[in-house]
Amino acid sequence: MHKNIVAVINQKGGVGKTTTSINFAAGLARQDKKTLLIDLDPQAHSTIGLGIEPESFTASISDVLAKKKPMAEIILPAKTENLFIVPSHIRLDKIEQQLAPELFRETFLKRAIDSLDFDLDYIVIDCRPTLGTLTINALYAANFIIVPCEMGRYALDGFADLMETIEHVKNGILEKSDFIRILLTKYDSRNKISNDWVLQQLEPFKHLIFDTYIRRNEALNQSQMAQESIFSFKADSVGSQDYQQLINEFLSL
Ligand SMILES: Nc1ncnc2c1ncn2[C@@H]1O[C@H](COP(=O)(O)OP(=O)(O)OP(=O)(O)O)[C@@H](O)[C@H]1O
Ligand SMILES: [Mg+2]
């Protein structure tokens, strides 16, 4: 089964969607997989996180969704070889509102990807922390979904809604375990009580959890500020090891 279009989704903010999108995409690219990161968040954190400043480009994902500009025309190369990005811009927020009355608005991204004439192995889509039109577009376009889940007391807030939405979009197409994985992030083994609490709450979804955990690691935080992937920022860090292990696990699924 295909798992070459990966959406990174959780409507909860700050759980590690962008950190995962950037490093997962960069790690695949480092393994000679031609990879495109689509930034579908008006905050543009993936765009900026890969060193592309909002003033440096004129066209963005907004133009694809609103003006039907061919996606191939707005793809930018990132610093990492084999890694490309479809940038986002704060304008995308307005575009999401403008799409509201349009017919078939949920599949605009899927159609743009289907007609993309660009040789690629993987597409990774970074989503904004809502379950609105943009995120639904990512769900329709994707054939694999990663749900980052931050280890903490409120890890599962909104989780049921998220699962319901995914089920609704992918209704009956496949077994959930074929195309969804939960990724535990900001894991700190010292927080035994809260870790146990989260794992207990996740028990019904146990079969969906990646074996790989992403540990809390300051280098990941710093790499985002340095606008680099963890692999180029600090190759020997815990964050680099964890994201490499995630990629290995993903590729072996
Ligand atoms: N494993 C980690 N260890 C330490 N810091 C991390 C880790 N993962 C993410 N962070 C930091 O946590 C913050 C939020 O992460 P990130 O931006 O990836 O979340 P997000 O889900 O994309 O947020 P948003 O919902 O706003 O898009 C960032 O400052 C990031 O550097
Ligand atoms: Mg983000």
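**Close-up views of a predicted protein model**

**View 1. Helix α1 is mostly covered.** Of the 14 residues of α1, 13 are buried (20 or more other C-beta atoms within 10 Å of a residue's own, with C-beta atoms placed from the backbone). This is a predicted model, in which local features need pLDDT of at least 70, side-chain atom pairs count only at pLDDT 80 or more, and totals for chains, interfaces and linings use all residues. Residues are numbered from 1 along each chain as its sequence is written, while chains are lettered from A and ligands numbered from 1 in the order in which they are written. Helices are DSSP runs of H or I with at least four residues, numbered from the N terminus.

**View 2. The length of α1 agrees with expectation.** Helix α1 covers residues 17-30 and should span 20 Å at 1.5 Å a residue (1.5 Å times one less than the number of residues). Its end C-alpha atoms are 20 Å apart, which agrees. Aspartate 32 follows α1 and has a positive phi, near 65°.

**View 3. Alanine 59 lies in the loop between α2 and α3.** Helix α2 covers residues 45-49, and α3 covers 61-67. Alanine 59 is partly exposed because 17 other C-beta atoms lie within 10 Å, a count between the limits of 12 or fewer for exposed and 20 or more for buried. Leaving out residues up to four places away in sequence, alanine 59 touches Lys69, Glu73 and Ile74 (contact means C-beta atoms, placed from the backbone, within 7 Å). Alanine 59 and threonine 20 are 39 residues apart in sequence and 24 Å apart in space, C-alpha to C-alpha.

Technical notes. Helices (H or I, at least four residues) and strands (E, at least two) are DSSP runs, numbered from the N terminus. Two residues are in contact if their C-beta atoms, placed from the backbone, lie within 7 Å.
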